[in-house]
Each structure stands twice: as structure tokens, then as C-alpha cells.
Amino acid sequence: MSASMHLFTGSVLVLVGAVLAIFFPDAEFAWFTGRPFGAVLAIFGVVDLAQGFRERSHRADG
């Protein structure tokens, strides 16, 4: 996946995770509740953002 796609999906995951964790903490999605599911999505988003920034910096170095 390209660096810009990592940055896009990472920011979307962080945003959706934050909304779930803050505004819908008691909502149920299958067997998940909003706050833990939102936290996991946000963590995956941060990891995806880190990969995107790493790819972008490696590409800029040469």
C-alpha cells in the first residue's frame, strides 16, 4: 500500500475509533462494545499512520 493510502486509512481509523470511544461507549457491535472497539480501531489507525510516515520518510531519503 502506498504511503498516502496508509496515512488516509490510518486517520480514518483513528477518527472512527475516537468517535466510537467518546460518543458511543455503550453501543454494541456483534460482541464488541463501543469504547473497547473504538480503542482498538484507534490503535490500528496509529500503527497505520506510523507506517505511512515511515514509508514517506524512506522515500524522501532516497
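In which helix does Met5 lie? Met5 lies in helix H1, helices being DSSP runs of H or I with at least four residues and strands runs of E with at least two, numbered from the N terminus. The model is predicted, so that local features require pLDDT of at least 70 and side-chain atom pairs pLDDT 80 or more, whereas totals for chains, interfaces and linings use all residues. Residues are numbered from 1 along each chain as its sequence is written, and side-chain values use heavy atoms, without hydrogens and water.

The protein chain contains two helices and two strands, arranged along the sequence as α-β-β-α. Its radius of gyration is 14 Å, well over the 11 Å that the globule rule gives for 62 residues, so the chain is more spread out than a compact globule; the radius is taken over C-alpha atoms, and the rule is 2.2 Å times the number of residues to the power 0.38. Along the principal axes, the C-alpha atoms fill a box of roughly 45 × 20 × 15 Å.

Helix H2 (residues 34-61) comprises 28 residues and reaches 40 Å from its first C-alpha to its last. Buried positions in H2 (under 20% relative accessible area; exposed, over 50%; partly exposed, in between; 1.4 Å probe, protein chains only) are Gly34, Gly38, Leu41, Gly45, Asp48 and Gly52. Gln51, also found in helix H2, is partly exposed, with a relative accessible area of 33%. Between Gln51 and Pro25, 26 residues apart in sequence, the C-alpha to C-alpha distance is 28 Å. Met5 is likewise partly exposed, at 39% relative accessibility.

Note on methods: Expected span 1.5 Å × (residues − 1).
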